[in-house]
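Colleague: I would like to go through this model with you. Could you take my questions as they come?

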Amino acid sequence: MIEPHISTELSAVERQHLAALIGSKFRFLGGKDLPEFLMASQLVISTTKGDLFFEGDVVESEIEGYVENYSKIKVSAPTHKEISNLQSRGQVYFHHAGEVIQAVYIVRRVITELKHGVASWSIATSRAVVLDFGSAQLCISKLGEHDEALAVTQMDGFDIDKVPETSNYFEIDLETGYQVQEELIHLSLPDA
């Protein structure tokens, strides 16, 4: 029997948007409600090749036997007006401005619940996006597996173990355990 499975992974179109940033110069990070500690449900990355809007969202599912929210990162192109509004309000951060985005990675996580050692359900999710400038990285990650909050973290030398952990409501007991697998997906520029 195949266990119930859901995916909150980035779509092929969202991955194409992210891959298109490779080779561009970073301009700024901004957000309507983005405080200095860089946690919000919405934010914007602006580059010389275009801008991307990151939004924390949730998907409802009953894979655990009851309705629960599972977090998702959504990526889309903001309007010129949205970018102008952010800039005019001063809600932008210019750290790394002018640096070239050399690579973009997605941290993919698969969580499988095991009941008495047998898989009962699984969820695959894109839990973080990493922009690599070479000497430093900017990581946009989910704060939890069940909410809309996103965090921005700077890293000096990327390591998947440095990506902030995500909180969750999964409880381990004598019958129930969880297997967590992570992989790093290296995006590449689309063929011309």
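Modeller: The points below concern aromatic pairs, a pocket and several individual residues. This is a predicted model, in which local features need pLDDT of at least 70, side-chain atom pairs count only at pLDDT 80 or more, and totals for chains, interfaces and linings use all residues. Residues are numbered from 1 along each chain as its sequence is written, and side-chain values use heavy atoms, with hydrogens and water left out.

Colleague: How many aromatic pairs does a search of the whole structure find?

Modeller: The search finds 6 aromatic pairs. Rings of Phe, Tyr and Trp (its six-membered ring) pair if their centres lie within 6.5 Å; planes under 30 degrees apart count as stacked, over 60 as edge-to-face and the rest as tilted. One of the pairs is Phe26 with Phe133, edge-to-face, at 5.4 Å centre to centre and 70° between the planes.

Colleague: Where do Phe26 and Phe133 lie?

Modeller: Phe26 is in strand β2 (residues 26–30), and Phe133 is in the loop between β9 (118–132) and β10 (137–142), 107 residues apart. Helices (H or I, at least four residues) and strands (E, at least two) are DSSP runs, numbered from the N terminus.

Colleague: Are Phe26 and Phe133 buried or exposed?

Modeller: Phe26 is buried because its relative accessible area is 2%, and Phe133 is buried at 4%. The cut-offs are under 20% relative accessible area for buried and over 50% for exposed, with partly exposed in between (1.4 Å probe, protein chains only).

Colleague: Why is the pair of Phe28 and Phe94 edge-to-face?

Modeller: Their ring centres are 5.9 Å apart and the planes are at 70°, so the pair is edge-to-face. Phe28 lies in strand β2 and Phe94 in the loop between β7 (92–93) and β8 (103–115), so this pair ties together parts 66 residues apart in sequence. Phe28 counts as buried, at 1% relative accessibility.

Colleague: Which residues do ring pairs link into a cluster?

Modeller: The cluster consists of Trp121, Phe170 and Tyr178.

Colleague: Changing topic, what volume does the largest pocket have?

Modeller: Its volume is about 170 Å³. On a 1 Å grid over the protein atoms alone, a pocket is an open set of points where a 1.4 Å probe fits, with protein on both sides within 12 Å along at least five of seven lines; lining residues have an atom within 4 Å of a point. Grid points are joined across faces, edges and corners, and the volume is the space filled by probe spheres set on the points.

Colleague: Which element supplies the largest share of the lining?

Modeller: Helix α2 (80–89) is one of two elements, with β4 (42–47), that each supply at least two lining residues, and the largest share, 4 residues, comes from α2. Among the lining residues are Lys32, Phe53, Glu82 and Arg89.

Colleague: And Glu165, where is its place?

Modeller: Glu165 sits in the loop between β11 (150–155) and β12 (176–186). Glu165 is exposed, with a relative accessible area of 58%. Its contacts (heavy atoms within 4.5 Å) are Arg109, Arg127 and Leu143, leaving aside residues up to four places away in sequence.

Colleague: What about the backbone of His96 and His116?

Modeller: Neither is a glycine, yet His96 has a positive phi of about 80° and His116 one of about 55°. His96, in the loop between β7 and β8, is buried at 8% relative accessible area. His116, in the loop between β8 and β9, is exposed at 62%.
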